[in-house]
Amino acid sequence: MQVELAHLSYQRSRLVRSWTHLERQRGGAGFLGGPGETQIESDRRQIDERITRIKRDLSRVTRTRGLHRKARKRIPYPIVALVGYTNAGKSTLFNRVTGAGVMAADQLFATLDPTMRDVTLPSGRKIIISDTVGFVSSLPTSLIAAFRATLEEVLEADLILHVRDISHPDSDAQNSDVLDVLEELGVEHDRLDKMVEVRNKIDLLSAEEQITEEGRSERNPNEIPLSAVNGQGCTALLELVDKRLNANRSIVEISLAFSDGEAIAWLYDRGQILERRDEEILAYFRVGLDADDVARFEHRFPAIPTKSV
Ligand SMILES: Nc1nc2c(ncn2[C@@H]2O[C@H](COP(=O)(O)OP(=O)(O)O)[C@@H](O)[C@H]2O)c(=O)[nH]1
Ligand SMILES: [Mg+2]
């Protein structure tokens, strides 16, 4: 809709200019209300009506997006955003890690937003992965608003995965374009530093180049060579995401009665169960939980003592 709006505004300005030329030819000073003017008026009115309709639809979309974001905040799984240049392979990677494009009804966000889906990491931890619009260089200013809107998700993401097409001849220029835009959008420096770089399309490299890539990633833990098309590197990527998200987790020991089904279910849902020992009347858990989730658990189940270790 933003794209159409920009296009219509452009058409509207051209309309005036092209008719001005005719009007000048036709009449001298004081010539008003000729057939040309009527035509401009009617064309302009039609464009204006479409502009009004699109603006109304847009404000509805903005409102809906706001509601979705609020709904998402109530389900506090970490959000991992894919960013990168157009054609880098973001959507291919998204489909691969979320289960090859199947749109199952029980997917958490299937009905909420088609570009966000839940993924279970190797540790059993659940995340929401978000596909975004691709970056292109020298975006027309009239489209920057549209572009920003789709990138709001990125600002709120817990982790950013920068997908790069390393087989592309302009790969380095694309890389700096993307980093510049992220910085302009207000992504903080330390988050840019902590971003994971997905070096996609390694299947298109020669055998020697592939070996060089493997060497790079061994030295740099924030780089993953990958092929979204054949799946190579995808497991390593999910393991890295797991590790990065778990960096701010705390380990908590909790003993509770078997009858505390609700609390047990909550721990399985939100936490990473590291150990469970069933004793006579109590179950003992060692769980990895986010600091926020520890507070949520204590708030929700005040009678159950927790101990951070
Ligand atoms: N050879 C190869 N092609 C890929 C790979 N990943 C994506 N592609 C292709 O690159 C093109 C763009 O992919 P897409 O996922 O739409 O890119 P997006 O614009 O970043 O979402 C498609 O033709 C994909 O099939 C990869 O790992 N290897
Ligand atoms: Mg895409």
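Contact here means heavy atoms within 4.5 Å. With that in hand, welcome to a predicted model, whose chain averages a pLDDT (the predictor's confidence in each residue, from 0 to 100) of 82. Residues are numbered from 1 along each chain as its sequence is written, and side-chain values use heavy atoms, with hydrogens and water left out. Local features need pLDDT of at least 70, and side-chain atom pairs count only at pLDDT 80 or more, while totals for chains, interfaces and linings use all residues.

**Glutamine 272**
- Leaving aside residues up to four places away in sequence, glutamine 272 touches Ser123, Asn246, Arg249, Arg286, Val287 and Gly288.
- Glutamine 272 sits in strand β8, residues 272-278; helices (H or I, at least four residues) and strands (E, at least two) are DSSP runs, numbered from the N terminus.
- Glutamine 272 counts as buried because its relative accessibility is 16%; buried means under 20% relative accessible area, exposed over 50%, and partly exposed in between (1.4 Å probe, protein chains only).

**How α10 and α11 pack**
- Helix α10 (residues 261-270) packs against helix α11 (residues 291-300) at an angle of about 170°, with the axes 12 Å apart; axes are lines fitted to C-alpha atoms, for helices over the stretch in contact, and angles run from 0 to 180 degrees between N-to-C directions.
- That makes α10 roughly antiparallel to α11, a label for angles over 145 degrees.
- From α10, Glu262, Ala263, Trp266, Leu267 and Arg270 meet Asp293, Arg296, Phe297 and Arg300 of α11.

**The buried side of α10**
- Ala263, Ile264, Trp266, Leu267 and Arg270 are buried in α10.
- These residues lie on the same side of α10, because they cover an arc of only 160° around the axis; the arc is that of the directions from the helix axis to the C-beta atoms.
- Their cover includes β7 (249-257), β8, β9 (282-290) and α11.

- Asp293, Val294 and Phe297 are the buried residues of α11.
- Their arc of only 105° around the axis puts them on the same side of α11.
- Ala291, Asp292 and His299 are exposed, on the face turned away from that buried side.
- Among the elements covering the buried residues of α11 are β7, α10, β9 and β10 (306-308).

**Where to be careful**
- In the chain, confidence is highest in strand β5 (residues 196-200), at a mean of 96, and lowest in helix α4 (residues 144-150), at 66.
- Residues 102-106 stay under 50 in pLDDT, and the model gives them five contacts beyond four places in sequence.
- Where pLDDT is low, the predicted coordinates should not be read in detail.

Terms used
Chains lettered and ligands numbered in written order. Parallel < 35°, antiparallel > 145°, perpendicular 65-115°, else oblique.
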